[in-house]
Amino acid sequence: MKQSVLIVEDDDATRERLEKAINEGGQFRLVGSVGFFKAAAFFLQHTSPDILLTDLDLPDGNGLDLIRMLREPEVKTELAVVITIFGDEEHVINALKAGASGYLLKDDDFIEINNAIQQMVDGGAPISPSIARYLLSELSLPEPQSMINCSHLSVREQEILVLVSKGYTAKEIGGMLDVSFHTVNAHVKNIYKKLSVSNKAEAIYEATRQGLI
């Protein structure tokens, strides 16, 4: 069965464009499309779609709180993608810390939304090119030498982290390194633990901040 998607977007025109992209894409099953926080929260608690696609600024709440709801035991939704007009540091970092696995800007081509979601399902971290450049360039501040290797990543872990930052999936990385994707996932889990993060997008930011990539 196709994985289910809930759209949370208060702008009618934008929501309709997203609905059309999901429905016509044929990769995922649209099970809900709402414009308010309360309606989305009710949907998450009672239906738990596989994927949450949410705006941040909603009329009656914040999309970040919806993403945080994914940590609650009764909510079975595992993946969240932000789609918003906000591309500044505060919004991006707060979304990643809340648990978003992807961050897309509304000025991107919506026809690619299905590919972005699929990338996330496959273990990637879909991020708009401008946001990726921001994370990997503007936030790449010089750190004291003592901070650079504070996470004690192994050579293989650093190698995998670089490939992860370039958007490759675990399966693709396994093929490149001639190891199973299970081995790659085990390394990724160790990387998360050492960097004290919970998803790939956050790992990329933290590794960039520490000068590891």
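Helix H1 covers residues 12–25, and Glu19 and Arg15 both sit in it, 4 residues apart, about one turn of the helix. Helices here are DSSP runs of H or I with at least four residues, strands are runs of E with at least two, and both are numbered from the N terminus. An α-helix has 3.6 residues a turn, so residues three or four places apart point the same way. Glu19 and Arg15 form a salt bridge, with the closest N and O atoms 3.9 Å apart. The rule for a salt bridge is a side-chain nitrogen of Lys or Arg within 4 Å of a carboxyl oxygen of Asp or Glu. Arg15 counts as buried at 15% relative accessibility, while Glu19 counts as partly exposed at 22%. The cut-offs are under 20% relative accessible area for buried, over 50% for exposed, and partly exposed in between, with a 1.4 Å probe and protein chains only.

A word on the source. This is a predicted model, in which local features need pLDDT of at least 70 and side-chain atom pairs count only at pLDDT 80 or more, while totals for chains, interfaces and linings use all residues. Residues are numbered from 1 along each chain as its sequence is written, and side-chain values use heavy atoms, with hydrogens and water left out.

Now the whole chain. It has 11 helices and 7 strands. Of its 213 residues, 48% are buried. Contact means heavy atoms within 4.5 Å. Among contacts between residues at least 6 apart in sequence, 65% join residues at least 24 apart. By the rule I gave, there are 7 salt bridges.

Next, helix H8, residues 155–165. Arg156 and Glu159 are 3 residues apart in this helix, so about one helical turn separates them. They form a salt bridge with the closest N and O atoms 3.0 Å apart. Arg156 is partly exposed at 31% relative accessibility, and Glu159 is partly exposed at 35%.

Which residue forms a salt bridge with Glu157? The partner is Lys194, and the closest N and O atoms are 2.8 Å apart. Glu157 is buried at 4% relative accessibility, whereas Lys194 is partly exposed at 34%. Elsewhere, salt bridges that share partners join Glu9, Asp55 and Lys106 into one network.

How do these two helices pack? Two packed helices are described by the angle between their axes and the distance between the axes. For H8 and H10 the angle is about 95 degrees and the axes are 10 Å apart. That makes H8 roughly perpendicular to H10, a label used for angles of 65 to 115 degrees. The axes are lines fitted to C-alpha atoms over the stretch in contact, and angles run from 0 to 180 degrees between N-to-C directions.

On the H8 side, the residues in contact are Arg156, Glu157, Ile160, Leu161 and Val164. They meet H10 residues including Val184, Val188, Ile191 and Lys194. By class, the contact has 7 nonpolar, 2 polar and 3 charged residues. Nonpolar covers Ala, Val, Leu, Ile, Met, Phe, Trp, Tyr, Cys and Pro; charged covers Asp, Glu, Lys and Arg; the others, Gly among them, are polar.

Last, the buried residues of H8: Glu157, Ile160, Leu161, Leu163, Val164 and Ser165. Their cover includes helix H9 (170–177), H10 and helix H11 (200–210). After H8 comes Gly167, with a positive phi near 95 degrees.

Technical notes: Angles under 35 degrees count as roughly parallel, over 145 as roughly antiparallel, 65 to 115 as roughly perpendicular and the rest as oblique.
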